[in-house]
Amino acid sequence: MVVYTQSLCMLTSLSLLYCVFFSTILLLSVHGCPHHESRALLSLKAAFFDTNGMLKSWEGDDCCVWRGVHCDEMELGGHVTELDIRNFHLSFMDVNIDSGLSQLKHLQYLDLSGNYFADTPFPPALASLKNLSYLNISGASFAGDIPPELGNLSNLHYLDLSDNSFSDNSSLQWLSNLSTLKYLSLKGVYLENFPARWGSIIGRLFQLAYLDLSGCLIDSPLPVSLLNISSLAVLKFRGNSMSGSLPSWMGNMSKLTLVDLSSNIYLNGSIPNSLSRLNFLEYLDLSNNGIVGIPEAISNLTSLRYLDLSANKLTGRIPSNLGDIHTNVASLSYLDLHQNQFEGTIPSSLGLLMNLTYIDLSGNRLSGRIPTSLGNLLSLTVLDLHDNQLEGSIPFSLGKISTLKRLFLSDNKINGDLPFSFSQLSSLVTLDLRNNHLNGSIPSMLTLPSSLQTFLLSNNNMTGTVSDRVLLHTSSRLEELDLSYSGLNIHIDSAPWIPPFQLRTLDFRRCKIGGPIPSWISTQFKLENVDISDANLVGNLPPWLWEFSLELISLNLSNNQLEGPVPAISIPLPLQVLDLSVNELNGPFLLDIRMPELLSLEVLLLANNEIEGPVPVSLGAMTGLSVLDMSNNQLRSTIPVMGDRTSLRVLNLENNHLRGEIPISLANLSELVMLNLANNELEGEIPKELGNLTKLLSLHLEKNNLRGLLPLALKGLSRLQVLDVGENNFTGNIPTWIANYSSLQVLMMRSNNFIGKLPPQIGKMSEVRLLDLSSNLLLGQIPDTYFNFSAMVDVKGNMSVLGEDRHWIRHFSGRKIHYLTNVFVLGKYRGGKYYLDSIDIVTKGAERHYGYVFSTMTCIDLSDNRLWGHLPTEIGNLKGLMFLNLSRNSFNGVIPGSMGNLSQLESLDLSVNKFSGKIPFELGFLDYLGYLNLSFNNLSGVIPQQGRHMITFDKSAFSGNPNLQGCPVESWKCSPRHSQLSPPTIDVMEETKQGFSWYELSIGWSVAAGFSVVVLVLTFNVNWRKTTFGQMDRVITFLLGERTNRR
């Protein structure tokens, strides 16, 4: 009976437990979040574009199990209290979400950050969620005004409105109502209209621990009201326009652990000593300001781990006690002082900061040697000392830092060898030693670490030969290799080998390889940039050249001795730059650039080869090509028809054998800035359609068989800076509309059949510095107002700065292609130039070819015409003129003395004219004058001997002037004594004929007068006479005695 009763009780208890369990399950299945809240969330879902399916779980009635949704306990109603959909990448389909949000009355935590709400206004419903303690809408792309109703959220502890597009934020008085706020970020919220009392508003948030007002356009100093916030630990005002100096009262903000006041360009002065009292400060960033002083007391910041004072105006020496372990900064792990004006040596005491992982002292004026103590920093991962004046050798001790990942020592004066201890840097990723004075060899024991990805050794003075296989066989992760201009010779291993790495960039410029293209390059299928120019490469282009890498962007094999044809491309390539110029490539051009494989090609340079055959018709169909240079080859054909393309900027077909007429289709190249068809066999007239090339800067048509008038349509080339139509058969007058070229610097029209007078308008072209109208049929006088070329007025020192950027034309793969003032260079890429304009000028009696330097030249050549009359004295205003040729005309009158003002003149040719009178003595003071020709005129008188140069010229410079006298036409007068003496008289000449000259007589008289003085003294002074003759007697007796003894 007892057993039965116990069993019954047990069954009853189990039944009750099962009832409670299933009742709980039933209740939970029936009661999820309130139905109206789940409907509110579903209405939000309907308003979103959810491209990534982040809201896929938002289905059914129980929203508490949905992703990003959290509810309170069931006994509290199961309400939605947290909604966290940060970084869901949502965007609005329906901007009206207020009805959904307003139903979530119990919401305490809301995070909408990291979504894209397309500059929609701030949802007003957010201000009605009075239970919110956490609100984060950072980076959600809201716009418009911030509603002041946010001040009603009195329970907020955390508020982040950063990185949105709020417009009018001039009234933030509502912030003062959020008295419980501990975290406030308004980063990127423009507060340029924020009233000056903003500091007092922020100062009332007494519980604030985190304040971020970075990038808010604040232009006032730090407010002293921040002292009211005794709990403030994080202070960020990065990227504003704050002015003044750092206030000393900051030292009283004792709870600060992080201070970021970087990138405030008007923040200046010195760092106050009081900051050394911030014992809890771990992070201090004052970079990109105007701070000028750093106190030694900064080493007293006992908790400091991160210090960034880069890009300021700090001068003097780096405080030596910064690295003193006794100053309690041994915890420092990050030190950045780059881009300041520090001088002196690097303190060796930095080697005591054993926790340092990052050091950047680059961009200063530090000198001396690299301290060997830095090798003690065994936790260091980055050491950047580039762009200083460091010298000496690289310390061997740096090889002990096994944690070192990046070492930057470029742009210094470091010499010596590479330490073989670098082989031990097992973590090294980047080694940058460019632009130094390294003058040793690479040690045979040095093997590059297997972790190395970037090795840059360019522009040094290294010696010796290094084997590519020996140096590189251990570098399994190498991606960028630059040995250009290092001084090393690269020995290519003759035995085939497959490197363990896959390069992306290879630069062997000026490395004397002296053999074929290394075959191992064919294994580098990730290569993007290859430059082996000027490396003494020989042999043919290998057939695998276009097949080894499908990622090849730039290939430069210029300035070698490669020969044979260019292989055809058969696979798609992203190639943008191809430079095969200055080689010995021959045969027809077989590269079919119509193929889709080369649709990315932008720069094609094949100049200075022996390529034969026609210009490929496919050139006219290239849609992406911007620079094409096939000059100095053996091309024989007409110029192909150009399609309607807008990409081509540079077309250079100079110095070939092109024939036929200039095609009208060139006018389709609307983006063309440089066109060079010079030195070919083109004929016919210039098409008037070329006047449509309104962006043209340089036009070369010289040395062809072109004829006719210059078409009026060319007047539209208003941006032209170089025009060369010389050595053709053009006729008619020189058009006056050329003066409309307000930017023209070079005008070359020589050796044509132009007639008429000189247009006076040309003399008013202010930018012209090279003018050549020689060998035409021009006649008349030179107008008095002709020599007004402003660019020739200044002397050399005031000329346009070589390389000054004028305007940009294009970018190729991140490499600038630009037009340089007076230097017509389009772009640079790893040692090449896309285009260098050049000119032929007759100077010093011979034709010379000028390229880069003609930007600094000034020249006027009007020779071999029919000009007559007096030479205007205004020519003396051109003080910067370097070359002047007026020969073979009919100029008369005197040579203007004002030409003595041409202080930069190097060459002057006035020969074969009718100049009369004396040679101006002022010409003798032209210090740079190296060539002078005044022959065959009617000059008379004595050639001036003043100055230093006139007598140095050969007499041929004065021949054909029978009435000229003096040196050098009378060579006997060219001895040094005649340079300062007056010409001898007729009497002297007669005496000279009798055997004596005044010069010889003067020497005789001087000797006789001296001897007479001695005789007179000895005659009247007895003691001197006795002494003198007694001494002479003893000498004679001694000499006679010596001779007697020898006998």
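Is Cys-216 buried or exposed? Cys-216 is buried, at 0% relative accessibility, where buried means under 20% relative accessible area, exposed over 50%, and partly exposed in between (1.4 Å probe, protein chains only).

1. On the basis of the model: this is a predicted model, in which local features need pLDDT of at least 70 and side-chain atom pairs count only at pLDDT 80 or more, while totals for chains, interfaces and linings use all residues. Residues are numbered from 1 along each chain as its sequence is written, and side-chain values use heavy atoms, with hydrogens and water left out.

2. On the disulfides in general: the structure holds 2 disulfides, a disulfide being a pair of cysteine sulfur atoms within 2.5 Å.

3. On Cys-33 and Cys-63: these two form a disulfide with their sulfur atoms 2.0 Å apart. The pair links distant parts of the chain, 30 residues apart, since Cys-33 lies in the loop between helix 1 (2-30) and helix 2 (35-47), and Cys-63 in the loop between strand 1 (48-49) and strand 2 (69-71); helices (H or I, at least four residues) and strands (E, at least two) are DSSP runs, numbered from the N terminus. Cys-33 is buried at a relative accessible area of 6%, and Cys-63 is buried at 0%.

4. On Cys-64 and Cys-71: a disulfide joins these residues, S to S 2.1 Å, and the torsion about their S-S bond is about -100 degrees, so the disulfide is left-handed. Cys-64 is partly exposed at 23% relative accessibility, and Cys-71 is also partly exposed, with a relative accessible area of 22%.

5. On Cys-511: this cysteine is buried, with a relative accessible area of 0%.
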